[in-house]
Amino acid sequence: MITDGIEDEEKWLAEGIAGLQQNAFYMHRSLDSNNLRDALKYSAQMLSELRTSRLSPHKYYDLYMRAFDELRKLEMFFKEETKRGCSIIDLYELVQHAGNILPRLYLLCTVGSVYIKSKEAPAKDVLKDLVEMCRGVQHPVRGLFLRSYLSQVSRDKLPDIGSEYEGDADTVTDAVEFVLQNFTEMNKLWVRMQHQLRPAIGLSGLQGPAREKEKREKERSELRDLVGKNLHVLSQIEGIDLDMYKDTVLPRVLEQVVNCKDELAQYYLMDCIIQVFPDEYHLQTLEMLLGACPQLQPTVDIKTVLSQLMERLSNYAASSAEVLPEFLQVEAFSKLSNAIGKVIEAQVDMPVVGSISLYVSLLTFTLRVHPDRLDYVDQVLGACVKKLSGKAKIEDSKATKQIVALLSAPLEKYNDIGIALKLSNYPRVMDHLDNGTNKVMAVVIIQSIMKNTSCISTADKVEALFELIKGLIKDLDGTPVDELDEEDFKEEQNSVGRLIHMFYNDDPEEMLKIISVVRKHILTGGPTRLAFTVPPLIFSALKLVRRLQGQDGDVIGEDMPATPKKIFQLLHQTIEALLSVPAPELALRLYLQCAEAANDCDLELVAYEFFTQAFILYEEEIADSKAQVTAIHLIIGTLQRMNIFGVENRDTLTHKATGYSAKLLKKPDQCKAVYACSHLFWADDQDGIKDGERYLYFFEKGNPQITSSVIQGLIELITTEMQSDNSTPDPSADAFFATTLRYIEFQKQKGGVMGEKYEAIKV
Amino acid sequence: MNYIIGAFKSPCNISITLADGRTRKQVPLKKENGQMTKVPLFQSQENIAGEVSIEPIQGKKLEHTGVKIELLGQIEMYFDRGNFYDFTSLVRELDVPGDLYEKKTYPFEFSTVEMPYESYNGINVRLRYVLKVTVSRNYVSNIVEYQDFVVRNYTPVPSINNSIKMEVGIEDCLHIEFEYNKSKYHLKDVILGKIYFLLVRIKIKNMELEVRRRESTGSGPSTYVETETLAKFELMDGAPVRGESIPIRLFLSPYELTPTYRNINNKFNVKYYLNLVLVDEEDRRYFKQQEITIYRLQETS
């Protein structure tokens with residue numbers, strides 16, 4: 001049935017077009033033969049096709065446009081007719097003889113246009129007459145199109161300033177008056193459209209009332225530009241200066257907007273006003289414009305309207321620094337802020353997302369226009385908190401998005417987390433986010449810090465920052481752990497790690513405080529986080545240690561809080577926390593790092609302690625053979641660089657390392673490890689071990705107890721091994737072995753201390 | 001055959017020529033056979049002068065018992081066909097009885113003729129003026145020739161001409177207030193006014209203004225009333241809302257109106273009315289009729 005309706009409409013449109021074309025044909029013939037009377041007759045008949053009630057606005061528009069084209073030809077004819085001596089006044093009367101009002105008024109507008117051009121009467125009189133006469137068409141669609149035609153033919157003939165139609169009697173006021181009146185009438189018709197049923201459609205009972213209403217609303221919005229066009233025309237009138245806009249244009253337009261009490265119209269027209277008139281006018285009439293907002297229907301989407309306005313004003317402010325004083329002068333911020341408050345108050349049913357997006361717009365505005373006024377920013381956030389207070393966490397995804405936008409805006413603007421940290425309401429707004437979003441926001445904050453490489457330099461700020469990103473630092477209540485995406489989690493925690501590196505203060509004392517704060521917070525993070533967060537903390541602390549080490553002389557004294565010793569103590573405890581993760585390998589590395597740092601600080605005992613811890617870990621926690629290999633190499637490497645240990649300590653550690661090396665599971669690993677251990681000895685210059693011999697170790701299984709007899713034994717062993725069939729001959733190994741033997745031989749021949757030493761070895 | 005026809009042919013040609021025939025304004029008049037013809041236009045108190053020429057058919061003698069010219073003002077009721085009522089009758093004798101051998105011309109004049117009524121062609125009644133030349137004869141019928149002319153009388157601009165203003169309505173349904181700027185309009189006048197909607201509870205489809213002519217003839221029980229709608233002029237398209245005011249501007253010139261005629265010789269009346277009609281979506285008509293007076297204003301040009 002519905003499709004039937006559409007098909008019918010097509011048919012009606014086709015009929016309308018056919019009728020129109022036929023009469024247009026006769027009209028053309030009359031025009032060609034200069035037959036005025038017939039031309040009027042056929043043009044009226046042609047225009048009668050526009051009297052239909054059966055077409056939807058869309059289809060009606062089609063018909064209208066065709067008639068419009070024909071009327072242009074008729075207008076040309078009228079113009080020529082007046083040149084031929086036909087009085088325009090007579091012509092103006094003649095067209096009014098038409099019995100039907102719609103064709104009559106179309107013709108009247110057409111002649112009226114020629115009339116104004118002829119300047120035989122003041123433009124304002126003709127315009128006033130036309131706009132008054134058009135009242136005769138009260139049918140919404142037909143009236144809208146008729147008045148739209150009037151607007152179209154008159155727009156280049158308004159007595160604007162500088163226009164040829166301006167005269168003593170015709171001023172821009174008349175032009176404004178005309179457009180305003182046409183606008184008012186059109187808007188009334190447009191609003192009334194919702195009560196109008198097209199008979200053909202209305203009769204089909206198959207469509208429910210809701211559907212019918214929806215359809216009508218759709219049809220209405222198709223026509224809105226006809227109404228809005230008037231505002232556009234107004235905005236094009238050059239003679240409208242600020243005073244006139246303030247005293248006449250805006251009050252009249254707003255009066256119509258408020259009084260029409262129609263949701264669709266109010267929203268569209270407010271938007272139109274904001275879009276078509278210049279920004280400086282908006283700024284100067286802000287109070288009036290905003291005053292209208294709470295008077296609109298409660299269902300009107302004011303937030304979008306206001307957002308648009310603030311957006312425009314922000315852009316305006318950004319366009320040039322010269323306009324900023326204007327903003328201050330009119331107290332734009334407080335006006336907007338008040339208006340938003342009132343709107344939110346007036347529209348009780350506005351969803352949370354609505355009010356928040358209003359605050360977002362206001363914030364954007366504030367940031368653009370008053371970047372120096374942090375108190376404004378905080379005020380906006382405070383208002384938002386107030387609005388949200390008493391509500392649970394926000395579930396609505398759109399609202400959440402808006403809050404994120406709200407919170408991101410200051411970060412983007414200032415590029416300085418320090419500013420955000422000063423905003424007392426900032427974390428309070430964040431509290432209203434759900435956990436997931438809270439984290440996202442926290443990441444955004446961190447990214448902002450990273451992007452701008454801004455240092456956070458005091459413990460207080462760090463404290464505040466951790467308050468902001470607490471979603472990342474610890475499990476918030478009610479987060480189901482299993483829902484976490486591992487990759488996201490890693491990403492998040494890595495960013496926390498990066499963040500920790502951004503904390504820096506030149507003053508070691510303050511830095512220590514920062515570190516303590518960080519430590520306090522990250523230790524609350526639970527096992528899964530520690531692995532990510534502890535290392536950066538440790539390194540950050542070690543950095544501090546090294547800094548202190550540089551200025552050793554100054555820091556002596558018991559009352560200094562920031563001594564390396566204390567820091568190491570702190571570090572020790574922190575690393576211990578890793579054991580609960582458990583992440584022994586990581587802890588081990590960190591111990592070694594610390595040991596090395598302690599080494600550099602000449603703190604033997606501390607270093608020894610760290611090593612001890614490392615060994616304990618190795619012994620007790622590291623079970624995997626591969627991990628063991630890595631660990632032992634790390635231990636050896638670190639140990640090798642140590643230079644503060646006394647002989648005893650060193651021996652103990654070295655032997656322990658060598659011992660562990662020898663106990664590795666696989667022979668090649670053992671071999672490599674033991675070889676590495678040999679560095680330890682070499683570093684001590686023990687027994688004058690030379691490179692060549694270490695190469696020996698590299699290839700063969702062996703024992704670090706290097707004496708000549710042992711080497712002798714080794715050589716024999718190698719020889720036997722190589723000669724036995726079960727080992728594949730390796731040319732390079734053979735060559736190397738040969739070289740080594742040759743080397744030993746050479747040492748013997750050389751004699752001296754070395755020679756004697758090697759004498760014992762028999763190849 | 002030609003000969004036989006010739007026997008019934010008028011034995012002479014009569015023509016009536018007005019003295020100022022060339023300069024006098026001619027207006028169209030519908031003849032009885034329906035054809036339009038141009039006839040001279042007069043008004044009351046004018047002199048009607050000219051000459052009548054009678055020319056017998058070549059070579060024939062025309063015997064007559066006298067020639068006269070009459071100026072007649074007649075009212076003809078169609079329901080009483082053939083019965084003329086002469087309200088004006090003036091006679092001029094042109095010739096004494098005798099014979100006519102050749103063309104003869106007689107001057108005539110009716111000076112300051114009182115012609116109080118205008119020529120009128122209605123539905124049931126006709127008022128006409130005619131010059132009638134009669135050549136009287138013995139034994140055979142008289143030879144008669146007519147010359148119609150039209151009389152129009154002009155009225156000065158009325159000194160009192162109030163507007164018509166009225167509030168009408170149907171309780172709780174429709175209340176309107178309408179205003180016509182005058183109560184007396186001349187024939188080329190324009191009716192201005194407005195309709196103000198005080199209450200609208202019906203779905204109005206459109207509104208029109210009709211100009212109606214009411215012609216009543218006869219008197220007493222045998223009065224015939226005919227009403228004609230001369231103009232149907234759409235004032236409004238669509239449904240107005242409360243507070244809406246719709247302008248009226250109706251040019252009367254395109255319509256064939258006459259002045260209002262009141263009690264013409266006790267025979268007939270012609271009155272004009274403005275009828276405001278509102279049509280609702282069920283095509284019900286709501287209307288209010290107001291009489292207006294139409295008069296003929298002297299054209300200055």
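**Notebook: helix pair, cores and contacts**

I started with two helices of chain A. Ala332(A), Phe333(A), Leu336(A), Ser337(A), Ile340(A) and Ile344(A) of H17(A) meet Ser355(A), Leu358(A), Leu362(A), Phe365(A), Thr366(A) and Val369(A) of H18(A). I note that this is a predicted model.

Next I looked up the residue classes of this contact. I find nine nonpolar, three polar and no charged residues between H17(A) and H18(A).

Then I checked the geometry. H17 spans residues 332-346 of chain A, and H18 spans residues 352-369 of chain A. I read a packing angle of about 180 degrees and axes 11 Å apart. Angles over 145 degrees count as roughly antiparallel, so H17(A) runs roughly antiparallel to H18(A).

**Cores**

I asked which residues have the most contacts inside the largest nonpolar core. They are Leu105(A), Tyr359(A), Leu406(A), Tyr591(A), Cys594(A) and Ala598(A). I note 237 residues for that core.

I picked Leu406(A) and left aside its neighbours within four places in sequence. Leu406(A) is then in contact with Ile356(A), Tyr359(A), Val360(A), Leu363(A), Cys384(A) and Val429(A).

Another core lies apart from the largest one. I count 26 residues for it, among them Ile54(B), Ile69(B), Leu127(B) and Tyr261(B).

As background, nonpolar side chains tend to be buried together in soluble globular proteins.

**Domains of chain B**

I turned to chain B. I find domain 1 at 2-151 and domain 2 at 164-295. Their centres, taken over C-alpha atoms, are 41 Å apart. The contact between the two domains takes 13 residues from domain 1 of chain B and 13 residues from domain 2 of chain B.

Which elements give two or more residues to the domain 1 side? I list strand S6 (66-77), strand S7 (84-95) and strand S11 (125-136) of chain B. By class, I have ten nonpolar, two polar and one charged residues on that side.

**Chain B against chain A**

Last, I looked at the contact of the two chains. Chain B gives 17 residues, and chain A gives 17 residues. On the chain B side, strand S18 (224-237) and strand S19 (245-251) are the elements that give two or more residues. S18(B) provides the largest share, six residues. I also noted the classes for this side of chain B: ten nonpolar, two polar and five charged residues.

Notes: Residues are numbered from 1 along each chain as its sequence is written. Chains are lettered from A and ligands numbered from 1 in the order in which they are written. This is a predicted model: local features need pLDDT of at least 70, side-chain atom pairs count only at pLDDT 80 or more; totals for chains, interfaces and linings use all residues. Two residues are in contact if their C-beta atoms, placed from the backbone, lie within 7 Å. Helices (H or I, at least four residues) and strands (E, at least two) are DSSP runs, numbered from the N terminus. Ala, Val, Leu, Ile, Met, Phe, Trp, Tyr, Cys and Pro count as nonpolar, Asp, Glu, Lys and Arg as charged, and the others, Gly among them, as polar. Domain bounds come from an automatic or database domain assignment. Axes are lines fitted to C-alpha atoms, for helices over the stretch in contact, and angles run from 0 to 180 degrees between N-to-C directions. Angles under 35 degrees count as roughly parallel, over 145 as roughly antiparallel, 65 to 115 as roughly perpendicular and the rest as oblique. A nonpolar core is a set of buried Ala, Val, Leu, Ile, Met, Phe, Trp, Tyr and Cys residues joined through C-beta atoms within 7 Å. A residue is buried if 20 or more other C-beta atoms lie within 10 Å of its own, exposed if 12 or fewer, and partly exposed in between; C-beta atoms are placed from the backbone.
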